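Dear colleague,

Please find below the structure that I am handing over to you.

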Amino acid sequence: MRVLGIETSCDETGVAVYDTEAGLLAHRVHSQIDVHAVYGGVVPELASRDHVRYLRPMVDETIAAAGLAPTDLDGVAYTTGPGLLGALLVGATFAKTLALSLERPALGVHHMEGHLLAPLMETPDLALPFVALLVSGGHTQLILVRALGDYELLGTTLDDAAGEAFDKTAKLLELGYPGGPKISALAETGDPTRFGFTRPLTDRPGCDFSFSGLKTQVLTEAKKCVDAGILDDGTKADLAASFQAAIVDTLVLKCVRALEETGAKTLVMSGGVSANRQLREALRGLENRGVQVAYPSPQFCTDNGAMIAFAGALRLERGQADASAQIQIRPRWPLADLPEVV
Ligand code: KG4
Ligand code: ZN
């Protein structure tokens, strides 16, 4: 089965063709970083307009790169939520119209299920059940995956998501947008032990997270450095490295806790923050404790069409599809509300 995947939930236009027998045939991602960077964050209306501009030519290009014609497609999967309302509408409208004109099924995919299953594209033999750490700009969740569509939320953030914490901290250090890549690049040259930021909620039981206090700690320390006249590039690098170390330590500790609580032996990580090098290395270290660790290659960590085509194909293959031609999006959509797939 060949499925076209369309992702437009936020600030990346992603398109891909996934073949359930041959794997990923082609994929394209267009990032809107340049559009939003001057504003220091995503401007929803500009995001929608950019998706309108790029989606159609990218679909043509991706189908051609896969060596196919539109009529060779067996279904169209698109992100139906969660995400920005206008941005989601662009992808949903295009996908459903295309599916209708081709007389093929369309399927709205949950963006976080796309992230959740993305590691399976490259590591198909992952043992179930597994614990998944989903770390993106909007989510920080630990999820027990028992089967496709059978997800139990083990922990979530009580305030900021990890990616949001990276973005806000980068903003206050005047590093620009998006914050994750900027902080991690700067942290490479910094001393992660210079500032002793707390590892939030690690002293309490459970798998929940809280990251909003960390950025306040960074701000407080940065102000002290300004007052002392020492907020130079080296100090900023130390702040970035110390902040990143606090996030990484906290995420790893909660992953270990989730594995212990569930008895699962496999850990999967996905979402934009999983592109972070320090975090990837730290989780790899769990392999010494007999844990199987998997995460996507960096291009499939951040938003992309391949994960939507893949997750969509798994469900379409089992007979799931949108019940009507009506265009529906779900800007807010808890992952636990997804139907199980048997
Ligand atoms: O999954 P994603 O592309 O979009 C959402 O669904 O939110 O994640 C974007 C988030 C942003 O907050 C960005 O700063 C963060 O992922 N991110 C990173 C890195 N690359 C992207 N955070 C830390 N280190 C990175 N290398
Ligand atoms: Zn995402």
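P82 is placed in the loop that runs between β4 (75–81) and α3 (85–102). This is a predicted model, and in it the peptide bond leading from G81 to P82 is cis, with omega near -15°. Another cis peptide bond links L128 to P129, with omega about -5°; P129 belongs to the loop between α4 and β6.

E103, in the loop between α3 and β5 (106–110), has a phi near 55°, which is positive although the residue is not glycine. E174 likewise is a non-glycine residue with a positive phi, about 55°, and is found in the loop between α5 and α6 (179–187). Most residues other than glycine have a negative phi, and most peptide bonds are trans. Are these two glutamates buried or exposed? E103 has a relative accessible area of 72% and is therefore exposed. E174 reaches 67% relative accessibility, so E174 counts as exposed too.

**The zinc site**

Which protein atoms are the donors of the zinc ion (ligand 2)? They are NE2 of H111, NE2 of H115 and OD of D303, lying 2.1 Å from the ion. Along the chain these donors are spaced as H-x3-H-x187-D.

The cut-off for a buried residue is a relative accessible area under 20%. H115 is buried because its value is 1%, and D303, at 13%, counts as buried as well.

Helix α4 lies across β6 (130–135), β7, β8, β9 (266–270) and β10, and its direction is at about 130° to that of β9.

**The five-stranded sheet**

In what order do the five strands of the open sheet follow one another? The order is β8-β7-β6-β9-β10, with mixed pairing. At the edges are β8 (150–156) and β10, each of which pairs on one side only. On average, neighbouring strands of this sheet are turned by 20° against each other, direction ignored.

The pairings can be followed strand by strand. β7 (residues 140–147) and β8 run antiparallel and are joined by six bridges; in this pairing G155 of β8 is the bridge partner of L142. β6 and β7 are also antiparallel, again over six bridges, with V135 opposite T140 of β7. A hairpin of four residues connects β6 to β7. By contrast, β6 and β9 run parallel and share four bridges, and L134 has S270 in β9 as its bridge partner.

Strand β6 is largely enclosed by the rest of the structure, because six of its six residues are buried. In a regular strand the side chains alternate between the two faces of the sheet. In β6 both faces are covered: F130, A132 and L134 are buried on one side, and V131, L133 and V135 are buried on the other.

**Helix α8 and its contact with α5**

Helix α8 (residues 233–262) packs on the sheet as well, touching β6, β7, β8 and β9, and its direction makes about 155° with that of β6.

Helix α8 also packs with helix α5 (residues 162–172), at an angle of about 170° and with the two axes 11 Å apart. Angles over 145 degrees count as roughly antiparallel, and α5 is therefore roughly antiparallel to α8. On the α5 side the contact is made by A162, A165, F166 and T169, which meet F243, Q244 and I247 of α8. Five of the residues in this contact are nonpolar and two are polar, with no charged residue present.

With kind regards

Methods: Residues numbered from 1 in each chain as written. Chains lettered and ligands numbered in written order. Predicted model: local features only at pLDDT ≥ 70, side-chain atom pairs only at ≥ 80, totals over all residues. Heavy atoms only, no water. Donors = N, O, S within 2.8 Å, 3.2 Å for Na, K, Ca; no water. Buried < 20%, exposed > 50% of the residue type's maximum accessible area, 1.4 Å probe, protein only. Axes fitted to C-alpha atoms, helices over the stretch in contact; angles between N-to-C directions. Helix = DSSP H or I, 4+ residues; strand = E, 2+ residues; numbered from the N terminus. Parallel < 35°, antiparallel > 145°, perpendicular 65-115°, else oblique. Contact = heavy atoms within 4.5 Å. Nonpolar A, V, L, I, M, F, W, Y, C, P; charged D, E, K, R; others polar. Pairing = 2+ DSSP bridges.
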